[in-house]
Structure formats: C-alpha cells, structure tokens
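Please keep the sequence and the structure in view while reading.

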Amino acid sequence: MNKRIVILGAGYGGMMTATRLQKMLNYNEAEVTLVNKHDYHYLTTWLHEPAAGTLDAERCQIEIESVIDTNRINFVKGTAESIDPNAKSVKLTDGQTLEYDYLVVGLGADPETFGIQGLKEYALGIRSINSVRLIKEHIEYMFAKYRSEPDKLEYLTIIVGGAGFTGIEFVGELGDRIPELCNQFDIDPSLVKIYSIEAAPTALPGFDPELVEYAMNILERKGVTFKINTPIKECNPDGVILATGEEIKAGTIVWTGGVRGNAIVENSGFETMRGRVKVDDFLRAPGHDNVFILGDCALIINEETNRPYPPTAQIAMQQGQTCAENLTSLIRGGELKKFTPEIKGTVASLGKGEAMGIVGSKKIYGSTASVMKKVIDNRYLYLLGGMGLLLKKSKL
Ligand code: FAD
C-alpha cells in the first residue's frame with residue numbers, strides 16, 4: 001500500500017511542502033492529503049495591511065486548489081482538533097479521523113499573552129483573514145461611534161501592544177490609513193492617538209539599533225506614540241493599565257506582543273517550549289520519527305547566538321522545502337537531509353513607500369527597502385504558484 005502523508009495547515013510551511021511534493025513524487029508514489037481550516041491559503045506576512053484597511057483582505061487570499069494539483073494532492077477543508085501520535089491519526093472537528101504514515105504539522109501560531117489579565121478577552125489579534133477584517137471594521141465602527149458620542153475621545157485611540165515586527169508594520173499602515181479615515185468621518189486628525197507599547201527595553205528587539213531608530217523616527221512622524229520598556233499589566237474593556245500604573249483608555253486594542261506554537265501540538269502530548277517543538281536536525285519531533293514539525297510550531301536553536309530563531313515565513317518556507325525532500329527520501333529509501341536555515345535578510349515595512357531592514361549584511365532604508373519588501377513578497381508568490389500567481393497577486 002502507498003504511504004499516507006498528511007499535512008496539517010496550508011500556511012507557508014504546509015503549502016511549500018505540498019507544492020514541492022507534487023513536483024518531486026511520481027503519480028501514485030504516495031497518498032498526500034493537505035488539511036486546512038479554509039479553502040484558501042493566506043499571506044500572513046501581508047496581514048498588517050488589511051488589518052489597517054490599506055489593502056483588501058481578498059488580496060491576501062489564494063485559493064488552495066488553484067495552486068495544488070488535485071490529481072496528486074487530496075485537499076480536505078477541515079479543522080484539526082488533535083493528533084494521536086501513537087495511533088498515527090489526526091482527529092478533525094467534524095468527526096473525521098485521518099490516518100497517516102508520515103505527518104507534517106504546519107498549524108502556525110497562537111497568541112502568547114504572557115498571562116496578562118484581560119488580553120485574551122479584550123484585545124484583537126493579527127492572525128488570519130477573519131481576524132484582520134474584524135480589526136479594520138472595529139476601527140471604522142469606533143470612528144463612526146465617536147461622531148455620535150463626541151465626548152468619547154477614547155474611541156479614537158488605538159493601542160498596539162508589542163513593538164516587534166508585526167506591531168511595527170501595523171502602526172506603519174495605521175499611520176497611512178488614519179488621515180483617510182479622518183477625512184471620511186470628518187474628524188480632526190489631531191484627536192486620534194496611536195500607541196505602540198513594548199515591554200522590552202527597545203522597539204523591534206533583535207534588530208540593529210540604527211534601523212530601530214530609523215523606524216521609530218518615521219513612525220513618530222506618522223503620529224505614533226511609543227511607550228518602550230513599559231509592560232502592559234492589564235487589559236480591560238476600556239483600555240489598558242500599564243505596569244507604571246498609568247491607564248490609557250482606548251476604543252481599539254490590538255495585541256501583537258508574541259506568538260507560541262498552535263495549542264494542538266502541546267495538547268496532543270508533544271514536548272514543547274512556548275508551544276513549539278524543538279525538532280531534530282531533520283525537522284522531526286523527538287521520539288516521533290514519522291512526524292515533521294514546521295514553521296511557527298517548530299523551535300530551532302541558532303547556534304551562533306544560542307537562542308531560538310524567531311518564527312518567520314522565511315524559515316517556514318525553507319523547512320517546507322527540506323521536509324518535502326526528506327519525505328521523498330523516506331518513501332524512496334534515500335538519506336535524510338539536515339535542515340539549516342539560510343537567513344537572507346529581514347525587511348520591515350513602515351507604511352507606503354517606507355521600510356527598513358537588512359539584506360545579506362547590508363542595511364537598507366526608505367524607498368529602496370520598500371521596493372525590496374515587494375520583491376520578497378513577489379518571490380514567494382512566484383515560488384508558490386509560478387508566473388500565473390505572481391501576475392494575479394503581485395503588489396508592484
Ligand atoms: P501559517 O502561515 O500561519 O499557516 C498556518 C495555517 O494553518 C493557516 O492556513 C491556518 O488557517 C491553518 N490552521 C490553523 N489551525 C488549524 C487547524 N486547527 N486545522 C486546520 N488548519 C489550521 N515572516 C517573515 O519571514 N517575514 C515577514 O516579513 C513577516 N511579516 C509578518 C507580518 C505579520 C503581520 C505577521 C502576523 C507575521 C509576519 N511574519 C513574517 C511571520 C510569518 O507570517 C509566520 O512566521 C509564518 O506565517 C509561519 O508559517 P506557518 O507555515 O508556520 O503558519
């Protein structure tokens with residue numbers, strides 16, 4: 001009987017595994033099933049834009065069956081509920097059970113709330129197409145509501161918890177969107193407040209200080225107020241309370257302060273650190289040679305710094321490629337390949353026409369960085385779906 005490969009999650013890691021497998025394996029060499037919550041893949045790395053309302057959410061969606069070859073890969077629209085590594089099966093929420101010989105887990109991340117009271121209940125998150133639609137609609141609703149309750153200035157305040165990569169990209173977009181919203185709702189822009197609040201001693205922890213300073217200057221000019229080295233102690237329906245005791249009232253609170261691996265992994269009995277499995281050299285879960293864990297669910301230590309690599313799409317995609325090669329080897333009886341991330345650079349957008357980052361070892365800023373960001377986005381589209389997808393979805 002053909003080996004059964006089940007891939008959970010059609011994110012960067014899962015999609016890359018599936019599209020590479022469909023190229024590498026011959027017909028009927030294995031039975032490959034891809035399971036995903038929705039019938040579309042979404043471009044998580046673009047989600048700060050639809051969240052702020054500067055890009056239509058639909059632009060970030062790619063129909064899965066337009067990219068995978070359904071003659072080679074069986075697509076199941078379903079939500080994984082649990083994995084039983086001993087029985088080698090996955091349970092879906094609709095009651096289906098899928099059995100596997102090899103499993104690939106690419107279920108992405110859950111928010112890490114660090115136990116901050118009220119965050120789960122009252123803060124929105126940039127996580128999926130549905131969650132960013134909610135953020136955009138919520139901000140607009142707050143602006144509309146302010147028009148009928150003009151004494152409630154807090155409706156015009158937006159708090160973004162976490163000034164890491166996602167938080168910074170989001171406030172950059174907000175800086176562009178707010179003038180447009182003020183125009184639409186006839187609101188004085190000076191009444192709108194955007195707070196970027198970070199517990200660490202710097203914004204963009206891990207980034208080069210010169211790049212951080214550049215980013216903060218640009219964003220301050222766009223109206224963002226930073227509160228760095230300032231942990232949020234509590235979140236409530238009216239705003240946040242900081243560790244300093246200061247209370248900031250806000251109509252919108254968005255939490256971008258951290259992620260952990262999808263809870264399904266931990267709840268299914270895999271050993272985890274912040275929900276992420278410390279995978280072996282070949283991307284397998286320790287003690288489970290037939291389970292590969294990718295992307296935000298996986299933890300890999302950077303030997304140079306002795307710290308985990310931050311979870312990125314860049315690494316998830318590279319893992320998907322190696323995972324497909326290793327699965328092909330397992331089926332054909334070849335050698336497994338070790339995974340080593342190849343960090344090509346990181347570029348953070350700061351809104352329209354502005355970005356900063358590192359490519360290779362070179363720092364880049366402004367419009368050059370912004371063009372580079374688009375090149376990176378387009379490269380992914382090309383890798384995933386060739387010229388057709390690039391022409392359909394490209395931002396250039
Ligand atoms: P994801 O891409 O998150 O995909 C997970 C998939 O699993 C989704 O399709 C989801 O619907 C599905 N799923 C979840 N639960 C279930 C379930 N129970 N059953 C079935 N399916 C399920 N990284 C970079 O490298 N560069 C960047 O510039 C960058 N920018 C970012 C900007 C933003 C706004 C954000 C939020 C993240 C950014 N990242 C960036 C990080 C990057 O997006 C993630 O590291 C990457 O998406 C992880 O890929 P993944 O394959 O692990 O999971």
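In this predicted model, an open sheet is formed by 3 strands in the order 6-7-8, with antiparallel pairing. Strands here are DSSP runs (E, at least two residues) and helices likewise (H or I, at least four residues), numbered from the N terminus; two strands pair if DSSP finds at least two bridges between them. Strand 6 (80–84) and strand 8 (97–99) each have a single partner strand and stand at the edges, so one side of each is left without a neighbour in the sheet. From one strand to the next, the twist averages 20°, taken between axes that are lines fitted to C-alpha atoms, with angles running from 0 to 180 degrees between N-to-C directions.

Strand 6 and strand 7 (residues 89–92) run antiparallel and are joined by 4 bridges. Among the residues of this pairing, I83 has V90 in strand 7 as its bridge partner, and D84 stands opposite S89 in strand 7. The hairpin of these strands has 4 residues between them, and K88 takes a positive phi near 55° there.

The numbering of residues starts from 1 along each chain as its sequence is written. As the model is predicted, local features need pLDDT of at least 70 and side-chain atom pairs count only at pLDDT 80 or more, while totals for chains, interfaces and linings use all residues; side-chain values use heavy atoms, with hydrogens and water left out.

The ligand has 32 residues around it, of which G13, A80, D296, A313 and K373 come nearest; a residue is near if one of its heavy atoms lies within 4 Å. A polar backbone atom of A80 is 2.8 Å from a nitrogen atom of the ligand. On the oxygen side, a ligand oxygen atom is 3.0 Å from a polar backbone atom of Q314, and a backbone N or O atom of T312 lies 3.5 Å from an oxygen atom of the ligand. The protein buries 90% of the 1000 Å² that the ligand exposes when taken alone (accessible areas by the Shrake-Rupley method with a 1.4 Å probe).

The shell around the ligand divides into 11 nonpolar, 17 polar and 4 charged residues, with Gly counted among the polar ones. Helix 1 (12–24), helix 5 (165–185) and helix 8 (313–332) each supply at least two residues of this shell.

The domain assignment, which is automatic or from a database, gives domain 1 (3–37 + 78–111 + 259–343) and domain 2 (119–255). Their C-alpha centres lie 34 Å apart, and the shell around the ligand draws at least three residues from each of domain 1 and domain 2.

Note on methods:
Polar contact = N/O pair within 3.5 Å; in protein donor to acceptor, adjacent residues only side chain to side chain.
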